[in-house]
Amino acid sequence: QAALVKKHLPNTITVIGGVHLTALPKETLQEFASFDIGVVGEGEITFYQLCEALRTADELSTINGLAFRQNGAIKITAPRQRIADQDSIPFPAWDLLPAAKTYYVQSERGCPFSCIFCMNPNGKVARKRSVQNVMDELNWIIKDFKPKRISFGDELFSVDMPRTRLLLDAMFENKIGEQVAWDVQTHVHFVDAPMFRQFKKANVERVELGIETGDEESLRKMGKGTNLEKIMAACDAAKSEGVKIGTFFLLGQPNESMKSLTSTINLAVKLNPDLPMFGLMTPYPGTEVAKMAA
């Protein structure tokens with residue numbers, strides 16, 4: 001699309017952001033000539049300052065978190081500091097877009113684990129929006145746009161378990177689950193039977209868990225921060241409370257063998273999730289696996 005825009009409107013300034021650009025800012029602009037500027041990392045403040053600078057013809061080098069072309073070279077400015085106060089970020093401008101059947105809500109950013117297959121662009125500190133802030137967005141979306149589903153984009157929805165309990169109570173009190181289907185992803189370390197009971201009460205459609213492998217040694221090397229005992233306990237707790245689960249499995253990890261593959265398949269069968277999901281290990285830019293593959 002950027003190439004098409006440049007073809008018909010060559011003076012248009014094109015900007016790209018996201019995880020790939022953040023991992024490889026210089027390489028991305030080198031490979032894709034249709035993009036003029038890259039926003040590295042979180043873009044809310046950076047993009048605003050960029051728009052102001054373009055409007056007033058100010059120097060881009062003073063803005064943190066940018067990659068841009070200058071005199072035939074690609075310049076990368078100082079990193080943009082992550083936004084600690086997530087409540088300070090305005091809601092996405094959903095009202096400027098056509099109404100959709102599914103909306104993605106991010107109630108927090110960040111993951112404390114160091115999985116070798118994940119770039120973790122939001123950092124290891126989980127930065128959380130307040131419960132009221134999240135509820136305000138949920139109620140706005142449901143009231144004004146009447147979607148069928150809301151999916152939480154949090155890496156680990158329940159990483160702060162006390163906050164999660166408050167949020168689930170608020171969702172129940174506001175009858176979110178009676179108005180729209182909703183689902184989350186989280187980690188087996190941050191769930192238990194009482195929390196799954198709250199999930200059920202709030203009418204969650206599905207809780208998805210990153211299992212990855214059934215091989216204990218592989219779990220340790222992956223940086224998952226879990227083990228088979230915790231995996232079984234979490235899935236058993238969900239089933240005991242009647243909560244549907246989705247499980248992510250990752251095949252083709254470093255040093256994968258027929259034995260470890262078989263262990264993963266056997267674990268999937270044993271867990272018998274409502275939605276089993278299998279993926280292939282991919283050396284995405286910015287990950288430890290990518291470094292191994294280099």
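How closely do the axes of helix H10 and helix H11 come, and at what angle do they cross? I started my notebook with that one.

**Ground rules.** I'm working on a predicted model, where local features need pLDDT of at least 70, side-chain atom pairs count only at pLDDT 80 or more, and totals for chains, interfaces and linings use all residues. Residues are numbered from 1 along each chain as its sequence is written, and side-chain values use heavy atoms, with hydrogens and water left out.

**H10 and H11.** I found that the axes of H10 (residues 228-240) and H11 (residues 258-271) come within 11 Å and cross at roughly 25°. That makes H10 roughly parallel to H11 (angles under 35 degrees count as such). Axes here are lines fitted to C-alpha atoms, for helices over the stretch in contact, and angles run from 0 to 180 degrees between N-to-C directions. Helices are DSSP runs of H or I with at least four residues, strands are runs of E with at least two, and both are numbered from the N terminus.

Next I listed who touches whom, with contact meaning heavy atoms within 4.5 Å. From H10, Leu-228, Ile-231, Met-232, Cys-235 and Lys-239 meet Leu-267, Lys-270 and Leu-271 of H11. By class, I got 6 nonpolar, no polar and 2 charged residues in that contact. (Ala, Val, Leu, Ile, Met, Phe, Trp, Tyr, Cys and Pro count as nonpolar, Asp, Glu, Lys and Arg as charged, and the others, Gly among them, as polar.)

**H6 and H8.** I then looked up H6 (residues 161-173) and H8 (residues 193-201), which pack at about 20° with their axes 9 Å apart. So H6 is roughly parallel to H8. The contact involves residues including Met-161, Leu-168 and Phe-172 of H6, and Pro-194, Met-195 and Phe-199 of H8. Its residues divide into 6 nonpolar, 2 polar and 3 charged.

**Pockets.** A pocket is an open set of points on a 1 Å grid over the protein atoms alone, where a 1.4 Å probe fits, with protein on both sides within 12 Å along at least five of seven lines; lining residues have an atom within 4 Å of a point. I noted about 860 Å³ for the largest pocket. Its lining has 37 residues, and Cys-115, Phe-117, Cys-118, Gln-185 and Glu-212 lie nearest its centre. Helix H2 and strands E9, E10, E11 and E12 each supply at least two residues of that lining. I counted 21 nonpolar, 11 polar and 5 charged residues there.

The second largest pocket has a volume of about 390 Å³. Of its 14 lining residues, Glu-44, Ile-89, Pro-92, Gln-106 and Arg-109 are the closest to its centre.

Terms used: Angles under 35 degrees count as roughly parallel, over 145 as roughly antiparallel, 65 to 115 as roughly perpendicular and the rest as oblique. Grid points are joined across faces, edges and corners, and a volume is the space filled by probe spheres set on the points.
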